[in-house]
Amino acid sequence: MTLLVKNAGIPLPSGDIVIGNIYVENGVITYIGRKEIEADRVIDAEERLTIPGGIDIHAHVYDPAYTSNEDWETGSLAAAFGGLTTIVDMPLRTIVDNRKILEEKLSEARKNSYINYGVTGGFINEKNYNSIPELARYGVKTFKFFTCRPFKISDETLPDAFEQVTVANGVAIVHAEDESLIGYWEKKLLSQNSITAFHSSRTGATEASAIYRVGYISLDVGARVHIAHLSSREGIEAVADLRKKINLTSEVTPHHLFFTRDETSRFGAYLKVAPTIKTREDRDALWRALDEGIIDAYVSDNAPAPRSMKEANVWEAWAGIPNLEIMIPFLFTYGVLQRRISLARFIDVTSRNPAKILGIYPLKGELSIGSHADLVILETGKSKRITASTHHHKVDWTPWEGMELYGYPYYLIVNGEVIIEKYELIGKKGFGTYIGELKPRKR
């Protein structure tokens, strides 16, 4: 099967865009240039921006005990319409620490995912950290740790578990918040049933304290550590400081880049997330860190739930929101179009860096000869209004309701196969491939 994408707006490292053709054979890019080559299928991008498909390394998609929240069909569809061609499923409540549960997740993905997929192991704790080598043998590349409730690993075990990650050549993804400080602030605020009280209960110091701790353990043990969902100025400062000493990476979500604590009251528990929403100063610091390269990856932390799980006492309500379908359009609109980040930086944090963190670059995450043809042709000249009435998530609500975004996929191509054509789904579920089986070539 051959595919020609002609008249594509191809971004250069300089930030310039050139018009050219991309030729694909059996799912792999084999030519980029001006020549027009005969192909089984020809797509005219009409000079639209064409970039590597987004890679989300932190999305809660499928939990066998919570299939009313999201599943591989709805999650991968939402991701595809959000410009993503690969998502890595993060554990939600069911712990992934043996081959049986891993295979259950992969089996569902093989049958129902429209795009490429991976699975993160965990939550890693003192009882199961010896499962890391087995999971790694079956392609798991990332392992989730908590330094706080509800899945906190014991302090004594963390260095040994990090050592197992190192031996497995994996990455420890850490939800870094200080348990003692969470407890301290909750005692003071628990009597207030308000979303602002909840968001005030986890401070920037809570985040920074835990980041420093895991960073220095990594320094001693040698593990590759990735800090999940940075949310504060203090957390950024900790990451920036530690990066002078160790190979530390980090990520940020759209909700931490957009919402501030002052406006959470109008959403109630529908905007309950962890880590919490912080201040305008924290939000601005996150944008600067993303632009300056302190933050490496942009992730969804997708974790929706039915209304019944949101409409409860704020301390007991579900924490998480639907994000997959807004991913690429949100960052293009509020990052590139509003000149907070460059186009090159946009591609770095949505594609290249996530692929490098996963160890699958440049097979994924790049628009180059020899890379897989995971491409998204963006419509940057027209906006689309977000509404839960048409999105592809399983839940019937979104905190992004009514927002107008640019940069939705006009075409989405996964492994050389067209999944979305002129905004319409034409691909079939069960097409995506497991990234755990990839063996990247060396450059």
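I started at Glu-36, which is exposed, with a relative accessible area of 54%. A reminder to myself: this is a predicted model.

**Entry: Lys-6 and Glu-36**

What does Glu-36 pair with? I found a salt bridge to Lys-6, with the closest N and O atoms 3.9 Å apart. The cut-off for a salt bridge is 4 Å, so I kept this pair on my list. Next I looked up where the two residues sit. Lys-6 is in strand S1 (residues 2–11), while Glu-36 is in the loop between strand S3 (28–33) and strand S4 (41–44), so the pair ties together parts that are 30 residues apart in sequence.

**Entry: Glu-46 and Arg-48**

Then I went on to Glu-46, which forms a salt bridge with Arg-48. Here the closest N and O atoms are 2.7 Å apart. Is each partner buried or exposed? Glu-46 is partly exposed, at a relative accessible area of 47%. Arg-48 counts as buried, with 16% relative accessibility, because the buried class means under 20%.

**Entry: Glu-103 and Arg-110**

I also checked Glu-103, which has a salt bridge with Arg-110. I noted 2.6 Å between the closest N and O atoms of this pair. For Glu-103 the relative accessibility is 34%, which counts as partly exposed. Arg-110 is partly exposed as well, with a relative accessible area of 37%.

**Entry: a network, and the count**

Which residues are linked in a network of salt bridges? I wrote down Arg-345, Asp-348, Arg-352 and Glu-366. How many salt bridges are there by this rule? The count comes to 24.

**Entry: helices H7 and H8**

I turned to a pair of helices, H7 (residues 204–221) and H8 (residues 233–242). Their axes come within 7 Å and cross at roughly 20°. That makes H7 roughly parallel to H8, because angles under 35 degrees count that way. As for handedness, H7 passes H8 in a right-handed crossing.

Which residues make the contact? From H7 I listed Gly-204, Ala-205, Glu-207, Ala-208, Ile-211, Tyr-212, Gly-215 and Tyr-216. From H8 I listed Glu-234, Gly-235, Glu-237, Ala-238, Val-239, Asp-241 and Leu-242. I sorted the residues of this contact of H7 with H8 by type and got 8 nonpolar, 3 polar and 4 charged. Gly goes in with the polar ones, so Gly-204, Gly-215 and Gly-235 of the contact belong in that group.

Conventions. Residues are numbered from 1 along each chain as its sequence is written. This is a predicted model: local features need pLDDT of at least 70, side-chain atom pairs count only at pLDDT 80 or more; totals for chains, interfaces and linings use all residues. Side-chain values use heavy atoms; hydrogens and water are left out. Axes are lines fitted to C-alpha atoms, for helices over the stretch in contact, and angles run from 0 to 180 degrees between N-to-C directions. Helices (H or I, at least four residues) and strands (E, at least two) are DSSP runs, numbered from the N terminus. Angles under 35 degrees count as roughly parallel, over 145 as roughly antiparallel, 65 to 115 as roughly perpendicular and the rest as oblique. A crossing is left-handed if the near helix is turned anticlockwise from the far one by less than a right angle, and right-handed if clockwise. Contact means heavy atoms within 4.5 Å. A salt bridge is a side-chain nitrogen of Lys or Arg within 4 Å of a carboxyl oxygen of Asp or Glu. Buried means under 20% relative accessible area, exposed over 50%, partly exposed in between (1.4 Å probe, protein chains only).
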